[in-house]
Amino acid sequence: MSLDIPRSSGVTSTDRGNPSVPILEHTYRSRPPSASSILPLYLEHPAPRPSLVYLPSASPPVTVFSIVHANLLFLAPSDVDSDPLLVLEFLHRVVDVLEEFIGAPLLSSKLQANYDVVAQLLTEMCDAGIVCNTEPNALQEVVEVPGWMDKLLGGVGLPGLVDTCPVSL
């Protein structure tokens, strides 16, 4: 899948149970308004909110694309014109990939606990506003996911296998 995400774009996720606090924010290009400044403006619109909301009072004015999945709100702000279906499809792909990598259902606690994996995924999926790779099988080859053994050893305070091998000089 190849599409151009708008110049000033990022992905923000928030828990609908506590929508005023962003769970994560990832910027692809430029510097869109922060999630903490967009969320209150977005939430001012009466429910049910459309998937596309223009926020003229944001600085700079932005169009916010949104989807809701498993009680999580995913937002992608843009300050340039773009095809809404392409951006919304990208957000759906983000959700699909996150479910594949960190498990369904998506929960705010899972996103926070696996932030390193989520950040790698978002970086690999879109580079400088160009969608690169949204296929889970291809992403598994480039995104490092900690295995169950690393989690087990890290949980009991033992170093992983890589740390146990001394480096010879």
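Along the sequence the chain runs β-β-α-β-β-β-α-α-α-β-β-α-α-α, with 7 helices and 7 strands in total. Helices (H or I, at least four residues) and strands (E, at least two) are DSSP runs, numbered from the N terminus. The model is predicted: local features need pLDDT of at least 70, side-chain atom pairs count only at pLDDT 80 or more, and totals for chains, interfaces and linings use all residues. Residues are numbered from 1 along each chain as its sequence is written, and side-chain values use heavy atoms, with hydrogens and water left out.

**Burial and contacts**
- Of the 169 residues in the chain, 39% are buried (under 20% relative accessible area; exposed is over 50%, partly exposed in between; 1.4 Å probe, protein chains only).
- Contact means heavy atoms within 4.5 Å; among contacts between residues at least 6 apart in sequence, 51% join residues at least 24 apart.

**Nonpolar cores**
- A nonpolar core is a set of buried Ala, Val, Leu, Ile, Met, Phe, Trp, Tyr and Cys residues joined through side-chain atoms within 4.5 Å.
- The largest has 27 residues, of which Phe74, Leu98, Phe101 and Leu121 touch the most other members.
- Two or more residues each come from strand E4 (62-69), strand E5 (72-78), helix H2 (84-102) and H4; H2 gives the largest share, 10 residues.
- A separate core of 11 residues includes Leu39, Val53, Ala58 and Leu73.

**Gln120**
- Gln120 lies in helix H4 (residues 115-125) and is partly exposed, at 26% relative accessible area.
- Beyond neighbours within four places in sequence, Gln120 contacts Val142, Val143 and Glu144.
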